[in-house]
2 protein chains.
Amino acid sequence: MTLPTKRIAESTVRRLSMYLRYLEGLDAIGQRTASSDELAQLCGTTPAQVRKDLSFFGSFGKRGLGYPVHELTEHLQEILGLRQAWQVVIVGAGKIGSALAEYRGFKQRGFQVVGVYDKNPDKIGRPWGDAVVRDMSTLPDDVTEHHVDIAVLAIPADDAQDVVDQMVAAGIRAILSFAPTSLHVPAHVAVKTVNMAMELEGLSYALTNRGA
Amino acid sequence: MTLPTKRIAESTVRRLSMYLRYLEGLDAIGQRTASSDELAQLCGTTPAQVRKDLSFFGSFGKRGLGYPVHELTEHLQEILGLRQAWQVVIVGAGKIGSALAEYRGFKQRGFQVVGVYDKNPDKIGRPWGDAVVRDMSTLPDDVTEHHVDIAVLAIPADDAQDVVDQMVAAGIRAILSFAPTSLHVPAHVAVKTVNMAMELEGLSYALTNRGA
DNA sequence: ATAAGTTTGTGAAGTATTTCACAAGCTTCC
DNA sequence: GGAAGCTTGTGAAATACTTCACAAACTTAT
């Protein structure tokens, strides 16, 4: 695996993640190799795209044969930074936070949930999965002390920027936000936002303009 | 408002949705006009991008002044197809489905949840928000009879394609999926997928390669 | 050992999207 | 009413991303 010489597009990284998912599946059922064509069909993309995406990071396949499933799986885990544990906190112990807690993908992929936070006194101290809901006011100190890497934000839009500022000051390095608002952070902090309303409205647009 | 002559990029539609959100906020506090620069700062994009996005649909602003907030709000609602009600079903009455039910954005923006479905007998018949969980086997008929427009899919990846096929056959027109798998549908059906794992892995990649 | 058949890796071409830059149009001030 | 000051709308330029197309490299069959 070589290091990419130029910046990799976000769309490429998303597809790598998808390739990995399917490769893990193929690996589990004992399939040894997979062609770019097979991966493309599974992921709903094109063979050329698969090859181009992978080629940014090295040359993992064998001509005439395809890609070695197990080996490529490991390469992709390495590339995506999944062969190490990331420390994650969940901020907001509401329904969304709760749904996230249930999500097995976290542990499965090396994301360790080390804390859950809320500002509601009724929720603080309550057991929550393996953990206990902690007071949001302790969040910044905890982030700093426990070297938390990623914060998952599941709080109302109005509170989001304020909490983000505190966490950034405390040294957070990445944020996955479910708050329907745009977040402003310094360049060294990575942010992804999942916005339900935006997705639904995208569908509404598609339905409205489907003929055109 | 003119109809766009060429296909509008998905990224543009996502931004329109974001502009709308902030415009509604500005409208609520009585602000009369907003410049592309102001909208850009709120949304984390550039003034040129804002103007270009809007220009695909018409010429809503006044030079020297900016865009009329209330009027543009209505135009965007129209463009995005939000001035009509869409019939939505939620498929999967687990934690994610439950979090979605709580989501006020649905009703607020004209998405009427007309049914919740699950295949688990323990859940069928239970009250769930305003509704009652229905048997998944009745889903296809309901979709056809009630002209359901959008299905929100909150079920395991392994079950997803099968359910999608049934709904497509029953006449569904759009799907918002939270199942971490790629879905195959005919061209006339719009699909959006929200994939937690993909977002987290995107952050993991960013953290791993932040220096590069 | 050779031929036939696959499939990768990748420059080059093609498309799509964003950014630039500025004329045109509107408001406000004097 | 004219000048100064903003801000839009938009072609053109720049950048980014995807697709093409084919030589190179490998496997398998004979």
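Trainee: How far does a polar side-chain atom of R63(B) lie from a sugar or linking oxygen of DNA strand D?
Mentor: The model is predicted: local features need pLDDT of at least 70, side-chain atom pairs count only at pLDDT 80 or more, and totals for chains, interfaces and linings use all residues. Residues are numbered from 1 along each chain as its sequence is written, chains are lettered from A and ligands numbered from 1 in the order in which they are written, and side-chain values use heavy atoms, with hydrogens and water left out. A polar contact is a pair of N or O atoms within 3.5 Å; within protein, one must be able to donate a hydrogen and the other to accept it, and residues adjacent in sequence count only if both atoms are side-chain atoms. For R63(B) and the sugar or linking oxygen of DNA strand D, the distance is 2.9 Å.

Trainee: Which residues are closest to DNA strand D?
Mentor: A residue is near a strand if one of its heavy atoms lies within 4 Å of it. Sugar and phosphate make up 64% of the atoms of DNA strand D that come within 4 Å of the protein. There are 26 residues around DNA strand D, and the closest are R63(A), S36(B), R51(B), R63(B) and Y67(B).

Trainee: Which element supplies the largest share of the surface near DNA strand D?
Mentor: Helices (H or I, at least four residues) and strands (E, at least two) are DSSP runs numbered from the N terminus. At least two residues of this surface come from each of α1 (10-28) and α3 of chain A and α3 of chain B. The largest share, four residues, comes from α3(A).

Trainee: Which element gives the most to the surface near DNA strand C?
Mentor: DNA strand C has 27 residues around it, of which S36(A), R51(A), Y67(A), R15(B) and R63(B) come nearest. At least two residues of the surface come from each of α3 of chain A and α1 (10-28) and α3 of chain B. The most, four residues, is given by α3(B).

Trainee: Why is the pair of F57(A) and Y205(B) given its class?
Mentor: The structure holds two aromatic pairs over all chains; rings of Phe, Tyr and Trp (its six-membered ring) pair if their centres lie within 6.5 Å, with planes under 30 degrees apart counted as stacked, over 60 as edge-to-face and the rest as tilted. The ring centres of F57(A) and Y205(B) are 6.4 Å apart and the planes stand at 90 degrees, so the pair is edge-to-face.

Trainee: Is Y205(A) buried or exposed?
Mentor: Y205(A) and F57(B) form an aromatic pair that is edge-to-face. Y205(A) lies in helix α9 of chain A and F57(B) in the loop between α3 (47-55) and β2 (67-68) of chain B, so the pair joins two chains. Buried means under 20% relative accessible area, exposed over 50%, and partly exposed in between (1.4 Å probe, protein chains only). At 10% relative accessibility, Y205(A) counts as buried.

Trainee: Which residues does N195(A) contact, leaving aside its neighbours within four places in sequence?
Mentor: N195(A) is in the loop between β9 (190-193) and α9 (196-208) of chain A, and its side chain reaches the backbone nitrogen of A197(A) at 3.1 Å. With a relative accessible area of 8%, N195(A) is buried. Contact means heavy atoms within 4.5 Å, and the residues in contact with N195(A) are P180(A) and R21(B).
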